[in-house]
Amino acid sequence: MLAISNVVLKALNFFLLPLYTSYLTPAELGMNDTITNFTSLIYTILVLSFDGAYSAFYYDKPTEEHKSKVLSTTWITLFCASLVAIALIFFANPISSALFGSTKYAVGVSIALASVTLNLWWLPLSLDLRMRSKMGLYSITIVAASALMIALNIVFVTVLQLGFYALICGLACANFFQFVFFALLSKSRPRLKGFDPALLRDMLRYALPMMPTALAYWILQLSSTYILLAFSSSTEVGVYGIATRCANAANMIASAFFTSYTAYAFQQANEDPEAPKKFSTIMNIFVFLFATACTAGSLFGPEIIHLMTTPDYAAASFMLPGVLFGQLFYNVYRIAGYGVSFSKQSKYLAFPIFAAAGCALAGYLLLIPRLGGIGASVSLCVAYAVMAIMVFRFAQRLYPCPYETKKLLVGCSFCLASSFALVSLSLPIRAVGCLVCIGALVALFKTSLVQAKATLAGIGK
């Protein structure tokens, strides 16, 4: 229910892009992205990786007293952390000046920081529902909050015409809704007497080493916003934001795949000696399908951007190849990374992230001043490719699979190079190029495609 609803709601939000871009200029969308990406960094720091620590400690003891201690300790800790976000509201003017060189966006910064505060308050309550297997209540709340946010976005953008404040206000209202409903639905209540200092020390000892990885992800995915803002403008940030939104929409297919694949992969790894061969076939099928989607999305990008946005955002079509194929490499990293997860050697998943973050940051600083959003998309693509290659090497040592590495490299490289080379040419040439790329992929993965029906049937079971 949760997976299907999330896909539907994300798709709906994507198809509302024509509405949003009709009312919001690239500069306004860029201001929204600049503020929300800044507050996502604040959230990443303040959450202290307790979202992962909660589930790790929840089942240590089967008693209600222990579960109540985990909830109370987590909620009180995150409440104290949220005081930092509240304190930052009083510094909204200097934060606005640092981001935009003006204090007139301080109200937007304040609303976004208030949204972070509410998010920190409802997170432990939602985790408690999940740990108690109350997935129906959890799903209903998450889906209802997403639907409310979309509805409010439409009202704020079109009726009230709040400009760049619109999407920030919609998110804040959704977080308030989730806090209220999770508080009402959760039978457990955080209590001051349930706070356990010893448990807090253990949870911090577990969680804090994970924070550098979370920060590296932020650098990899979102730091480009501020480098674009420094060397270009909020307009370029807004245009680049449209390209990333298109890539995220394409990634909804991958999200649905991984919902099924995770349980299947671990079961097969434990029970089937032929599992490595199956994983290789699945990798080929996934790359074929996703590379086809990325190639088509890139080469028909000018038409997609024209259909989904206004002419002000036309330049986003030239950024699509980088961000789309970046998502392909990221998902290859995820599939190959299961080999690391089987061996429970999580450090080998972290190393590629740090390397990719460093690679992305260097690329942003080198290419964005020269190429703007296109430089950001190229840097992101290269960084994700580095992640995929590194985890491939680690996974093959820990859980060898007969991946057809050369075919994967040739197929992805050919489609990526063709997309960058042809995206600026006429539609007929791009259409022919798309067919040639798909034909090449079919030829490379013909054997795996023949096996696709049986393999996918196995995943379904």
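Close-up 1. N153 is buried, with a relative accessible area of 4%, in what is a predicted model. The residue belongs to helix 8, which spans residues 135-159. Apart from neighbours within four places in sequence, the contacts of N153 are with N13, Y20, A166, L167 and G170.

**Close-up 2. A nonpolar surface patch that includes V155.** V155, V159, L160 and L162 make up a nonpolar patch on the surface, and together they have about 320 Å² of accessible area. V155 is placed in helix 8, the helix that also holds N153. With a relative accessible area of 34%, V155 is partly exposed, whereas N153 is buried at 4%.

**Close-up 3. The two sides of helix 15.** Helix 15 covers residues 301-308, and its buried residues are G301, I305 and M308.

**Close-up 4. The salt bridge between E303 and R430.** The side chains of E303 and R430 meet in a salt bridge, at 2.7 Å from N to O. This pair links distant parts of the chain, since E303 is in helix 15 and R430 is in helix 20 (residues 427-444), 127 residues apart. E303 is partly exposed, with a relative accessible area of 30%, while R430 is buried, with a relative accessible area of 4%.

**Close-up 5. The salt bridge between R245 and D33.** The structure holds 10 salt bridges, and one of them is formed by the side chains of R245 and D33, with a distance of 2.8 Å from N to O. R245 lies in helix 13 (residues 234-271) and D33 in helix 3 (residues 26-46), so the pair ties together parts of the chain that are 212 residues apart in sequence. R245 counts as partly exposed, at 25% relative accessibility, whereas D33 counts as buried, at 9% relative accessibility. In general, side chains of opposite charge can pair when their charged atoms come close.

Close-up 6. K69 forms a salt bridge with E65, and the closest N and O atoms of the pair are 3.9 Å apart. Both K69 and E65 lie in helix 5 (residues 64-89), where they are 4 residues apart, about one turn of the helix. An α-helix has 3.6 residues a turn, so residues three or four places apart point the same way. K69 is partly exposed, with a relative accessible area of 28%, and E65 is exposed, with a relative accessible area of 56%.

Close-up 7. C169 counts as buried, at 15% relative accessibility. C401 is likewise in no disulfide, the nearest cysteine sulfur being that of C412, 17 Å away. C401 is buried as well, with a relative accessible area of 8%.

Methods:
Residues are numbered from 1 along each chain as its sequence is written. This is a predicted model: local features need pLDDT of at least 70, side-chain atom pairs count only at pLDDT 80 or more; totals for chains, interfaces and linings use all residues. Side-chain values use heavy atoms; hydrogens and water are left out. Buried means under 20% relative accessible area, exposed over 50%, partly exposed in between (1.4 Å probe, protein chains only). A disulfide is a pair of cysteine sulfur atoms within 2.5 Å. Contact means heavy atoms within 4.5 Å. Patches are made of residues with over 30% relative accessible area and no salt bridge: like charges are joined within 9 Å, nonpolar side chains (Val, Leu, Ile, Met, Phe, Trp, Tyr) within 5 Å. Accessible areas come from the Shrake-Rupley method with a 1.4 Å probe; for residues, only the protein chains shown count as cover. A salt bridge is a side-chain nitrogen of Lys or Arg within 4 Å of a carboxyl oxygen of Asp or Glu.
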